[in-house]
Each structure stands twice: as C-alpha cells, then as structure tokens.
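Please look through the model below with its strands, its sheet and its nonpolar core in mind. The paragraphs that follow take these topics in turn.

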Amino acid sequence: QVQLVESGGGLVQAGGSLRLSCAASGRTFSSYTMDWFRQAPGKEREFVAAINRSGGSTLYADSVKGRFTISRDNAKNTGYLQMISLKPEDTAVYYCAADMGILALGTPEAMDHWGKGTLVTVSS
C-alpha cells in the first residue's frame, strides 16, 4: 500500500505557472511508476504524464507536451508536476497515481493507487 497526497493546486491566470506535488507514504515510492491524471467536471479522467521508477523516462499527453514537466525525487518520496503556460482548458482536478506497470500511457483502470486530487483553476 502507498498513500498519495497532492498539493499545490490553486487559481492562476492564463499563461501562469503552477507546481503540483505528490507526497507518498507507505510502500517505497520508487517501486512505482507515477502518473498524473486530470478530470474536469462531467468529463472523463484523462492521462497527463507519467514517469518511470528511476525518473529517467517520461511520457506526456499531447495536450501538455512542452508545457508540463513531470519529475520525482525518490529520496523524498515525492513526485512533481511543473506546469507552465497554463491555459483555461487545463482547469481540472489533478490526481497523482501510482502503478506497478512499466512506463506507458496510463489508463485510470490500470492505476493501483490514487491521491484525492488538487484543483487547478486557470482563468482567462
């Protein structure tokens, strides 16, 4: 078992930046691939980014590529999502997730653990 707690969400103007954190406890965080998903009200939860166990490889959804950077600090049991050039369409609840699979484009059903989410609101 691993527990995940997101933080760093908030209100930001379009073009601004925000850094989300995902603090993990319980089982060794480095044992998991880490993913970020987001979900707007009434919409499907969508994949945002993923990073492998060592942090050496990453994957991004096309919608965020070039603007978001996923990273992790296994010594601190923490993952991050740095978001720049934010757009109103980035508005969503952002969820950190962990899975035991190899790095790949994640699906919600494949995730083993979820945080409760943190809300990011981007105003125009």
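Throughout this text, a residue is called buried when its relative accessible area is under 20%, exposed when it is over 50%, and partly exposed in between, with a 1.4 Å probe and protein chains only. The model is a predicted one, in which local features need pLDDT of at least 70 and side-chain atom pairs count only at pLDDT 80 or more, while totals for chains, interfaces and linings use all residues. Residues are numbered from 1 along each chain as its sequence is written, and side-chain values use heavy atoms, with hydrogens and water left out.

A search of the whole structure finds one, formed by Cys22 and Cys96, whose sulfur atoms are 2.0 Å apart. Because the torsion about the S-S bond of Cys22 and Cys96 is about -75 degrees, this disulfide is left-handed. Cys22 belongs to strand β3 (residues 18–26) and Cys96 to strand β9 (residues 92–99), so the pair ties together parts that are 74 residues apart in sequence. The strands named here are DSSP runs of E with at least two residues, just as helices are runs of H or I with at least four, and both are numbered from the N terminus. Cys22 counts as buried, at 0% relative accessibility, and Cys96 is likewise buried, with a relative accessible area of 0%.

Two strands are said to pair if DSSP finds at least two bridges between them. Strands of a sheet pair through backbone hydrogen bonds, either parallel or antiparallel. In this model an open sheet of four strands has the order β1-β3-β8-β7, with antiparallel pairing. Its edge strands, each of which pairs on one side only, are β1 (2–7) and β7 (68–73). From one strand to the next the twist averages 15 degrees, where axes are lines fitted to C-alpha atoms, for helices over the stretch in contact, and angles run from 0 to 180 degrees between N-to-C directions.

Strand β8 has a partner on each side in this order. With β3 it pairs in the antiparallel sense over six bridges, and there Ser21 stands opposite Tyr80 in β8. With β7 the pairing is also antiparallel and runs over six bridges; Ile70 has Leu81 of β8 as its bridge partner, and Arg72 has Gly79 of β8. Is β8 enclosed by the rest of the structure, or is it open? Five of its six residues are buried, so β8 is largely enclosed by the rest of the structure.Thr78 is found in strand β8 (residues 78–83) and, at 12% relative accessibility, counts as buried. A polar atom of the Thr78 side chain lies 2.8 Å from the backbone oxygen of Lys76, which can be read against the definition of a polar contact: a pair of N or O atoms within 3.5 Å, of which, within protein, one must be able to donate a hydrogen and the other to accept it, residues adjacent in sequence counting only if both atoms are side-chain atoms. If contact is taken to mean heavy atoms within 4.5 Å, then Thr78, leaving aside its neighbours within four places in sequence, is in contact with Ser21, Cys22, Ala23, Phe29, Arg72 and Asp73.

The hairpin of β7 and β8 has four residues between the strands. Asn77 lies in this loop and has a positive phi of about 55 degrees although it is not a glycine; Asn77 is partly exposed, with a relative accessible area of 29%. In the loop between β8 and β9, Ser85 is not a glycine either and has a positive phi of about 50 degrees, and Ser85 is partly exposed at a relative accessible area of 37%.

The last topic is the core. A nonpolar core is a set of buried Ala, Val, Leu, Ile, Met, Phe, Trp, Tyr and Cys residues joined through side-chain atoms within 4.5 Å. The largest one holds 34 residues, of which Trp36, Leu81, Met83 and Tyr94 touch the most other members. Two or more residues of this core come from each of β1, β3, β4 (33–39), β5 (46–51), β7, β8, β9 and β11 (118–123). Trp36, found in strand β4, counts as buried at 0% relative accessibility, and its side chain reaches the backbone oxygen of Tyr80 at 3.4 Å. The C-alpha atoms of Trp36 and Gly117 are separated by 9.8 Å, although these residues are 81 residues apart along the chain. Tyr94, again leaving aside its neighbours within four places in sequence, has contacts that include Trp36, Leu81, Met83 and Gly117.

Terms used:
A disulfide is a pair of cysteine sulfur atoms within 2.5 Å.
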